[in-house]
Amino acid sequence: MIATLIAERLGLKENYVQDTIDLLQEGATIPFISRYRKEATGGMNEVQVASVADELDKLTELQRRREYILTTIETQGKLTDELRKRIEDCWNPTEMEDLYLPYKQ
């Protein structure tokens, strides 16, 4: 799912984005990936690999925030199936915070 979102946002092929994410998660650096793993990234340059890394960081943080929000609302006993679906389907941080606002303590 994350690879699909990043690919759409950056206009890159999903399989190359997924391979880049895998390399980043294995600990490979941006310069290493862009110079020595061109076959895995479809020839992405350093700027493109850095953009993938930035988007990955943003979306990973958004996932953590989503989990926190869902747990908080569920603890209050106010989490409906519809609200859960809206939060789970949301990939915009501003929209997610807007959904959470009425339940914020």
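Colleague: Which pattern does the chain follow when read along the sequence?

Modeller: This is a predicted model, in which local features need pLDDT of at least 70 and side-chain atom pairs count only at pLDDT 80 or more, while totals for chains, interfaces and linings use all residues. Residues are numbered from 1 along each chain as its sequence is written, and side-chain values use heavy atoms, with hydrogens and water left out. Helices (H or I, at least four residues) and strands (E, at least two) are DSSP runs numbered from the N terminus, and the chain has 7 helices and 0 strands. Read along the sequence, the pattern is therefore α-α-α-α-α-α-α.

Colleague: What radius of gyration does the chain have?

Modeller: The radius is taken over C-alpha atoms, and the globule rule is 2.2 Å times the number of residues to the power 0.38. The C-alpha trace spans about 50 × 25 × 20 Å along its principal axes. A compact globule of 105 residues would come out near 13 Å, whereas the chain has 17 Å.

Colleague: Is Leu 83 buried or exposed?

Modeller: Leu 83 lies in helix α6, which covers residues 81-89. Leaving aside neighbours within four places in sequence, Leu 83 is in contact (heavy atoms within 4.5 Å) with Ile 73, Lys 78 and Tyr 103. Buried means under 20% relative accessible area, exposed over 50%, and partly exposed in between, with a 1.4 Å probe and protein chains only. Because its relative accessibility is 8%, Leu 83 counts as buried.

Colleague: Which residues are linked with Arg 9 in a network of salt bridges?

Modeller: The side chains of Lys 58 and Glu 55 meet in a salt bridge of 3.8 Å, N to O. Because they are 3 residues apart in helix α5, about one helical turn separates these two. Lys 58 counts as exposed at 53%, while Glu 55 is buried at 12%. The residues linked with Arg 9 in the network are Glu 55 and Lys 58.

How values were computed
A salt bridge is a side-chain nitrogen of Lys or Arg within 4 Å of a carboxyl oxygen of Asp or Glu.
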